[in-house]
Amino acid sequence: MYEFDFQFILDNPGFLWAGLKHTLALYAASLTIGLALGLVIGMGRYSTRKWLNWPATIWVELFRNTPVLVQMMWFFFALPVLIGFSLTAFTAATMALAANASANAAEIFRAGIQSIHKGQWEASRSLGMSYGRIMRRIILPQAIRRMVPAFSNRAIELAKMTSLASTISYAELLYEARLMSSMQFNPIEAFTAVAVVFFVVLYPLTRIVARFEVDARI
Amino acid sequence: MDYDWQFGPVFRNFDLLLWGLGNTLMLTAICLVLGLILGLAIALLRLSRLWIVSAPIGLLIDFLRIVPPLVQLMWVFFALPILIDVRMTPFIAATVTLSIQSAAFFAEVFRGGIISIERDQWEAARSLAMPKATMMRRIILPQAITRMIPTILERGIELLKTTSLVSAISFADLLFQATQVSQSVFRPLETFTVAAGLYLAVILPASIGVRLVERRMARSGVSTVG
């Protein structure tokens, strides 16, 4: 029978702590950029102008229909050849996750905006409001409320995706665990600890999101 | 950008990439089938009226759905063999991890599908004195599975994308083969672009197909779950 020994991990919290900090940095960067970019692309998807709609559609289909790990490998190994200088693992991982998140966010924005009844547009237009103002004051405030559950789910998915950055040697949680397990020969404890950290952080969040979903349905 | 694209070296190794794509598709199919079968079993346990059965199963489902798939894969590949003393191959680790993960997902879909079946169906079946297993097999599940079709298809596509993670434990899927080819011909840009194109060529038509199925079901008034 295998004897578990979590003592090393408890005595050296620095390992996982360093990993968690990097995971959070990657998450914050890719979530922020992804959301901002997603809003712009979502507007493009919603637009009836071809020169806005087409590039936005291609972007969304490209990043939604290829695996995110392939995207990360592309940004880390392939893009530097094209641009002539190498990217750090953090930059490449952020680019891939942000691009992926933006494509998903764009679809949520578009669906949210489309879900607002046409009468809202007509009423605002009959008051002489401009497109930008209708969007900002009437449509988005209502649409964003409906988007909250979908966004929260995607945000949790994104947090899970940060672990992929370990494959391009970005020192996030999973990478630190691999490092520790190869030095201490304790893969069971190392990988179990990472799984537990993810679960402890994300489980309460999934419960809150489930709450949102129930509220949104009413 | 005046980069000189040269796809020749990549296309000379195209058979290696196609071999990888074949492995990707095979792994997806195996894990989808195992995930559905195992998912149904887990859903039935989850629906058990015995608290001592349904509560731990619920926690297990949550755990498998929340912990990132790559962490689970690493755990099964590096940690599990020490724990139970078996010889682990990348293929077994990949199949076990992705099947169980899909099963946890499908369990919730099955549960949603089963409880979405209206009460009068249960009552009608019961009033015919049908045994519980027959009722499940003949009345409830056929209707529940129809409602689950779009979700199952969507999940299949998600699963195909997730299989790319197995390259991290050296299973020879499309992404792993692309890494190998790019290292042997020193053309990462072309190789990874072609690999991404191959994924897109499979996944994009599949997603469009799923969207069509969804639209058709919605138009003919079939209710769906998931």
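The quantity called pLDDT is the predictor's confidence in each residue, on a scale from 0 to 100. This structure is a predicted model, in which local features need a pLDDT of at least 70 and side-chain atom pairs count only at pLDDT 80 or more, while totals for chains, interfaces and linings use all residues. Residues are numbered from 1 along each chain as its sequence is written, and chains are lettered from A, with ligands numbered from 1, in the order in which they are written.

Chain B has an average pLDDT of 93, and 99% of its residues score at least 70. Helices (DSSP runs of H or I, at least four residues) and strands (runs of E, at least two) are numbered from the N terminus; two of the helices mark the ends of the confidence range among the elements of chain B, as the table shows.

| Element of chain B | Residues | Mean pLDDT |
|---|---|---|
| helix H2, highest | 14-46 | 97 |
| helix H6, lowest | 119-127 | 88 |

For the complex, the predictor gives an ipTM of 0.92 and a pTM of 0.92.

Chain A has 9 helices and 0 strands, and its C-alpha atoms fill a box of roughly 75 × 50 × 25 Å along the principal axes. Of the 218 residues in chain A, 41% are buried, a word used where 20 or more other C-beta atoms, placed from the backbone, lie within 10 Å of the residue's own, whereas 12 or fewer make a residue exposed and counts in between make it partly exposed.

Two residues are in contact if their C-beta atoms, placed from the backbone, lie within 7 Å. The contact between the chains takes 32 residues from chain B and 30 residues from chain A. On the side of chain B that touches chain A, the elements giving two or more residues are helices H3 (51-66), H4 (69-84), H8 (174-185) and H9 (188-219) of chain B, and the largest share, 11 residues, comes from H9(B).

Within chain B, H3(B) packs against helix H5 (residues 90-116) of chain B at an angle of about 120°, with the axes 9 Å apart. H3(B) is therefore oblique to H5(B), given that angles under 35 degrees count as roughly parallel, over 145 as roughly antiparallel, 65 to 115 as roughly perpendicular and the rest as oblique. These angles run from 0 to 180 degrees between N-to-C directions, and the axes are lines fitted to C-alpha atoms, for helices over the stretch in contact.

Helix H3 of chain B also holds B:Ala55, which is exposed because 12 other C-beta atoms lie within 10 Å.
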